[in-house]
Amino acid sequence: WDLKNAEKTIADHIEHVTDPERRAFAENFLQLFKTIEPKLTNLRQSLIHNDANDYNILVESRGFNDWALNIIDFGDLVYTHTINELAICAAYMMLNKPDPIAAILPLIGGYFVDTINDKPSFLEKEIEVLYPLICARLCVSGIMSIYEHKLNPENDYLILSQKPVWDTLQRLKDVNPRFAHYTFRAACGLSPN
């Protein structure tokens with residue numbers, strides 16, 4: 001599940017995707033991931049949660065402008081590229097949204113809010129690879145849920161997000177990666193290039 005292994009994970013398990021349209025999505029997004037893979041070696045690395053989703057992030061409202069954030073399920077912790085945490089969270093936030101790109105712009109802007117004024121070198125490098133990482137995570141999620149459900153057909157939890165994942169990939173198939181990149185830059189207050 002570490003995104004730095006996305007190419008191998010997708011390639012090793014894509015045979016389990018029997019729907020030709022879904023398989024084509026996965027193959028196209030795999031090619032997109034390959035275009036940014038060499039750039040990953042120069043990015044920051046850290047320990048990340050690796051599964052920031054709506055089942056693992058709990059927000060408790062305590063009144064106006066008073067809330068608590070809790071994160072659970074640390075079973076997927078991994079030392080990897082720091083930007084993968086944002087990519088994973090963004091991938092989950094896109095699910096069931098009519099405009100997946102627009103849905104994650106506040107998250108992306110908020111993630112980089114403390115770094116925009118300083119404009120560190122990692123910022124632009126990380127934004128550049130973000131969209132392919134998000135798509136790779138969606139592909140890994142979709143493919144691995146099919147594979148794991150084949151191994152454990154009685155466990156329906158394994159396919160809980162399968163339909164939303166493939167629906168989101170379908171919505172993203174026509175998004176030009178440059179459009180996503182420039183939109184993410186704009187969300188961070190940066191010029192298009």
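Buried means under 20% relative accessible area, exposed over 50%, and partly exposed in between, with a 1.4 Å probe and protein chains only. I am working from a predicted model, where local features need pLDDT of at least 70, side-chain atom pairs count only at pLDDT 80 or more, and totals for chains, interfaces and linings use all residues. Residues are numbered from 1 along each chain as its sequence is written, and side-chain values use heavy atoms, with hydrogens and water left out.

**Entry 1: helix H4**

I looked up H4, residues 100-111. Helices here are DSSP runs of H or I with at least four residues, numbered from the N terminus. H4 has twelve residues and spans 17 Å from first to last C-alpha, close to the expected 16 Å. That expected span is 1.5 Å times one less than the number of residues.

Which residues of H4 are buried? I listed Pro100, Ile101, Ile104, Ile108 and Gly109. They cover an arc of only 150° around the axis, so they sit on the same side of H4. The arc is taken from the directions from the helix axis to the C-beta atoms. An α-helix has 3.6 residues a turn, so residues three or four places apart point the same way.

**Entry 2: H3 against H4**

Next I took helix H3, residues 83-94. The axes of H3 and H4 come within 9 Å and cross at roughly 145°. Axes are lines fitted to C-alpha atoms, for helices over the stretch in contact, with angles from 0 to 180 degrees between N-to-C directions.

Which residues of H3 meet H4? I noted Ile83, Leu86, Cys89, Ala90, Met93 and Met94. On the H4 side are Pro100, Ile101, Ala103, Ile104, Leu107, Ile108 and Tyr111. Contact means heavy atoms within 4.5 Å.

**Entry 3: the H3-H4 loop**

I found Asn96 in the loop between H3 and H4. Asn96 has a positive phi of about 65° although it is not a glycine. Most residues other than glycine have a negative phi. At 59% relative accessibility, Asn96 counts as exposed.

**Entry 4: Leu172**

Leu172 lies in helix H6, residues 162-172. Its relative accessibility is 0%, so Leu172 counts as buried. I checked its contacts, leaving out residues up to four places away in sequence: Phe29, Met94, Pro100, Ile101, Tyr131, Cys135 and Leu138. Leu172 and Ile101 are 71 residues apart in sequence, yet 8.3 Å apart in space, C-alpha to C-alpha.

**Entry 5: Thr9**

I placed Thr9 in helix H1, residues 6-13. At 16% relative accessibility, Thr9 counts as buried. Beyond its neighbours within four places in sequence, Thr9 is in contact with Val140 and Met144.

Key. Helix = DSSP H or I, 4+ residues; strand = E, 2+ residues; numbered from the N terminus.
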